[in-house]
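Keep the sequence and the 3D view side by side.

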There are 2 protein chains.
Amino acid sequence: MELRRILRREDLPGIEKMLRDVQVFNEDEIICGVELAQQTLAGEEGYHWVLAVEDGALVGLICYGTVPLTQGTWDLYWILRSPGAVSRGVAKALLEACEEDLRNHGGRLLVLNTSGTPAYQPARDFYLRNGFELSARLKEYYRPGDDLCIFTKQIE
Amino acid sequence: MELRRILRREDLPGIEKMLRDVQVFNEDEIICGVELAQQTLAGEEGYHWVLAVEDGALVGLICYGTVPLTQGTWDLYWILRSPGAVSRGVAKALLEACEEDLRNHGGRLLVLNTSGTPAYQPARDFYLRNGFELSARLKEYYRPGDDLCIFTKQIE
């Protein structure tokens, strides 16, 4: 597996496929993820991407950026690992690449929003195993029965 | 005092003046607030405004909009009251107008982010007096020594 820090137009189908394959996102969320990639390719600044590639195929991605009006706080927008990836530790390697980038840019806090539903339990476990803490839980934020969980990690 | 639900180009100087007069925002935040108004005037959707006008002069504003990828959750971006307003209850009237609008659009949760610094104590007290609860506090989110406070209010 290799990591690549540049997003290319030909990645778009692979990104959409991954968003579908992980089977936790609804159609609106999939559209939102693809649009984020399209906006980055169109030159919109603020979105940093790292892609994990295995034998030429996309098997993971992470997308993050600074939070406006903060000093050194970054948002982790998406982190994905293809269920078909053979390599181990794809998500962990992507997160480490993101954290290295933050350190190089004076980042001190990484924040992510995720859902509190059972479908996201593996994701939440991954964050807790990798140095994040659950800093807040907002009841029924996404929709009735679907809480917002905010995880944060100090970057040192 | 009257409330007006349409933002006009001639409001821009008054909005910038209010952002300065309340003496809690830094230059970047003032620019951000003015840009939000400019984007709305340029046709960008998603920002709802209500303005409080007293003898032809702007004395308050509220700006809010739906949170993407949620069902019925709205973000309160800005609520401001001019220190020079003679009328009482300007901020409360603006908040009520916003809540009425949410009810009409199926909104069920109003969320706002604010700072935990002493300068924002009067604002935090206002939210607590008006049915919000402090749902989360993220340490040092804005900058070292400046926490993020997330307030939420159920709309019924």
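Start with strand β5 (residues 109-115) of chain A, which is mostly covered: five of its seven residues are buried. Buried here means that 20 or more other C-beta atoms lie within 10 Å of the residue's own; exposed means 12 or fewer, partly exposed is in between, and C-beta atoms are placed from the backbone. Helices (H or I, at least four residues) and strands (E, at least two) are DSSP runs, numbered from the N terminus. This is a predicted model: local features need pLDDT of at least 70, side-chain atom pairs count only at pLDDT 80 or more, and totals for chains, interfaces and linings use all residues. Residues are numbered from 1 along each chain as its sequence is written, while chains are lettered from A and ligands numbered from 1 in the order in which they are written.

How confident is the predictor? The mean pLDDT of chain A is 96, and 100% of its residues reach 70 or more. pLDDT is the predictor's confidence in each residue, from 0 to 100. For the complex, the predictor gives an ipTM of 0.90 and a pTM of 0.92.

Back to β5(A). Its partner is strand β4 (residues 73-81) of chain A; the two pair in the parallel sense over three bridges. Pairing requires that DSSP finds at least two bridges between two strands. Across this pair, A:Trp74 stands opposite A:Leu110 in β5(A).

Now move to chain B and its strand β3 (residues 57-66). Seven of the 10 residues of β3(B) are buried, so this strand is largely enclosed by the rest of the structure. Strand β2 (residues 48-54) of chain B runs antiparallel to β3(B), and seven bridges join them. B:Trp49 faces B:Cys63 of β3(B) in the pairing, standing opposite that residue. The hairpin of β2(B) and β3(B) has two residues between the strands, and B:Asp55 takes a positive phi near 50° there.

β3(B) also pairs with strand β4 (residues 73-81) of chain B, in the antiparallel sense, over seven bridges. Here B:Gly60 stands opposite B:Arg81 in β4(B). Six residues lie between the strands in the hairpin of β3(B) and β4(B), where B:Leu69 takes a positive phi near 65°.

Most residues other than glycine have a negative phi, and most peptide bonds are trans. A:Asp55 is not a glycine, yet has a positive phi of about 50°. A:Asp55 sits in the loop between β2 (48-54) and β3 (57-66) of chain A. With 9 other C-beta atoms within 10 Å, A:Asp55 is exposed. A:Leu69, also not a glycine, has a positive phi of about 65°. The loop between β3 and β4 of chain A holds A:Leu69, which is partly exposed, with 16 other C-beta atoms within 10 Å.

The largest nonpolar core has 78 residues. Such a core is a set of buried Ala, Val, Leu, Ile, Met, Phe, Trp, Tyr and Cys residues joined through C-beta atoms within 7 Å. A:Leu61, A:Ile62, A:Leu94, B:Leu61, B:Ile62 and B:Leu94 have the most contacts inside it. Not counting residues up to four places away in sequence, A:Leu61 touches several residues, including A:Trp49, A:Trp78 and A:Leu80. Two residues are in contact if their C-beta atoms, placed from the backbone, lie within 7 Å.

Which residues form the contact between the chains? On each side the count is 18: 18 residues of chain A are in contact with 18 residues of chain B. α2 (27-41), β6 (133-143) and β7 (146-154) of chain A each supply at least two residues of the side that touches chain B. The largest share, seven residues, comes from β6(A).

One residue on the chain B side shows the contact in detail. B:Tyr141 lies in strand β6 (residues 133-143) of chain B. With 24 C-beta neighbours inside 10 Å, B:Tyr141 counts as buried. Among the residues that B:Tyr141 touches are A:Thr70, A:Thr73 and A:Leu109.

Last, the symmetry. Chain A can be laid on chain B with an RMSD of 0.0 Å by a turn of 180° and a shift of 0.0 Å along the axis. The two copies are thus related as by a two-fold rotation axis. Copies are superposed by least squares on the C-alpha atoms of residues with pLDDT of at least 70 in both. The same surface serves both copies: 100% of the contact residues of chain A recur in chain B.
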